[in-house]
Each structure stands twice: as C-alpha cells, then as structure tokens.
Amino acid sequence: MRAIPAASVALLGVAALSACVPAGAAPGGTYGFTLSPATVAPGGEVTLGVGRAAGGCKGRVTVSSPVFDTVTIPRHEYSATARVDRDARRGAVYEVKFACDGRSETLNLTIAGGHSGHPTHHPRHPDKGVHAGEGGSVAGLDVNEIGLGALLIAGSVGAAYHLSRRRSGEDAA
C-alpha cells in the first residue's frame, strides 16, 4: 500500500519540476523553429531550422527579417542559411518571422556589437586578473521561478516528513 502514495509524490515532483522550466529553454516554439547562432556579426550567416516531428510544420516555411532576404525552407528540408546584411546595426535586436501552414512565430536575432570583427594583435595582459563572481548576480530575480522553487522544496520536505512520521508510527505498532 506504500507504493501508491510514493508514486503520487514522485509524479507531483515531476510535474512541479516541469512547470519550473522557463519558456526560453524549449527548442523554438510550437513548430520547433530554430535560429543559430542567436547573435551574429554583420555580414555573417545564420542557420534557420524547423522541426518536422509530430506537431511540427509539415509544409514550406518562409522566413523573413529586416536584416536578410526572405528565405524559403522547402517542404522536405530541415534548414536553410541566410546571410545578414553588412549594414545591420551593431547591438540591435531584429525579429525573424517564421511562417508555415498559416501560423507564424517570431525569434530574436541579435547583431554583435562593439569591435569590428577583425582580430586584434595586441598582447594580452595576464597581470590584469579575472573578473569572477558575477555569475548569478547579473540577471534579475524572477518571482515565478522563486515561487515555484520554494513550492517544490516545501512539497518535498512535507512529503518526506509525512512519510517518515507514517513509518515511525507503523514500526511502533
């Protein structure tokens, strides 16, 4: 009889964990559209992809953006490439619109900013040190993720407490 509560606690834990996965972690959207790399230098190439698995796009895909010519991915192909315009503004984020079977989705393409893309021949200065310790402090706090994490921890502790109290009661009898 212990298997049923243990299974339900396990399923509840899996459901809580799957709810904690941020939407950005999924590969593309409903049809599995992908854009690789998501950050590219002006004049660089990007690979545009589509998932053809169950629930994915079955027809021809049209991909458009202000920074490259419209690209078509044929029905039986999974990807195509596009060359980003050389005059794309550095540091800007452009929308890349995928359209298939009457539905559309948008992904963001960031244009690399800063330097010219030509390698510099300046010597590196090893005495400058490493900028460390900024890992998790750079991003902002997401209240939904914190709440779901707290809920998951509280549920796990509650389930463990309940199961431990129940076992000690059975052992005493």
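Colleague: Leaving aside neighbours within four places in sequence, which residues is Gly-49 in contact with?

Modeller: This is a predicted model. In it, Gly-49 is in contact with Gly-32, Phe-33, Thr-34, Tyr-78, Ser-79 and Phe-98, once neighbours within four places are set aside. Gly-49 itself is found in strand E3, residues 45–49.

Colleague: Why is Gly-49 called buried?

Modeller: Its relative accessible area is 5%. Buried means under 20%. Gly-49 is therefore buried.

Colleague: How far apart are Gly-49 and Gly-32, in sequence and in space?

Modeller: They are 17 residues apart in sequence. C-alpha to C-alpha, the two are 7.9 Å apart.

Colleague: What makes Ser-64 partly exposed?

Modeller: Ser-64 has a relative accessible area of 27%. Buried needs under 20% and exposed needs over 50%. The value falls in between, so Ser-64 is partly exposed. Ser-64 lies in strand E4.

Colleague: Which residues is Ser-64 in contact with, leaving aside neighbours within four places in sequence?

Modeller: They are Thr-70, Glu-95, Val-96 and Lys-97. As for Ala-99, Ser-64 is 35 residues from it in sequence and 8.5 Å from it in space, C-alpha to C-alpha.

Colleague: How many aromatic pairs does a search of the whole structure find?

Modeller: The search finds 1. Phe-33 and Phe-98 form it.

Colleague: Why is that pair called stacked?

Modeller: The centres are 4.7 Å apart, and the planes are 15 degrees apart. A pair needs centres within 6.5 Å, and stacked needs planes under 30 degrees apart.

Colleague: What does the pair tie together?

Modeller: Phe-33 lies in the loop between helix H1 (3–19) and strand E1 (34–36), whereas Phe-98 lies in strand E7 (residues 93–100). The pair therefore ties together parts that are 65 residues apart in sequence. Both phenylalanines, Phe-33 and Phe-98, are buried.

Colleague: What makes up the largest nonpolar core?

Modeller: The core has 24 residues. Val-46, Leu-48, Val-61, Phe-68 and Leu-109 have the most contacts inside it. Two or more residues each come from E3, strand E4 (61–65), strand E5 (68–73), strand E6 (79–83), E7 and strand E8 (103–111). E7 gives the most, with 4 residues. In soluble globular proteins, nonpolar side chains tend to be buried together.

Colleague: Which residues is Val-61 in contact with, again leaving aside neighbours within four places in sequence?

Modeller: The contacts of Val-61 include Phe-33, Val-50, Val-71, Ile-73 and Phe-98. Arg-52, Thr-72, Ala-99 and Cys-100 are also among them.

Colleague: How do you know that E3 and E6 pair?

Modeller: 5 bridges join E3 to E6. Pairing needs at least two. The two strands therefore pair, and they run antiparallel. Thr-47 stands opposite Thr-81 in E6.

Colleague: Which residues of E6 are on its covered face, and which on its uncovered one?

Modeller: Ala-80 and Ala-82 are on the covered face. Ser-79, Thr-81 and Arg-83 are on the uncovered one.

Colleague: What pattern does the protein follow along the sequence?

Modeller: The pattern is α-β-β-β-β-β-β-β-β-α. That comes to 2 helices and 8 strands.

Colleague: How much of the protein counts as buried?

Modeller: Of its 173 residues, 21% count as buried. The accessible surface comes to about 12400 Å², and 58% of that belongs to carbon and sulfur atoms. Among contacts between residues at least 6 apart in sequence, 56% join residues at least 24 apart.

Terms used
Residues are numbered from 1 along each chain as its sequence is written. This is a predicted model: local features need pLDDT of at least 70, side-chain atom pairs count only at pLDDT 80 or more; totals for chains, interfaces and linings use all residues. Side-chain values use heavy atoms; hydrogens and water are left out. Buried means under 20% relative accessible area, exposed over 50%, partly exposed in between (1.4 Å probe, protein chains only). Contact means heavy atoms within 4.5 Å. Accessible areas come from the Shrake-Rupley method with a 1.4 Å probe; for residues, only the protein chains shown count as cover. Rings of Phe, Tyr and Trp (its six-membered ring) pair if their centres lie within 6.5 Å; planes under 30 degrees apart count as stacked, over 60 as edge-to-face and the rest as tilted. A nonpolar core is a set of buried Ala, Val, Leu, Ile, Met, Phe, Trp, Tyr and Cys residues joined through side-chain atoms within 4.5 Å.
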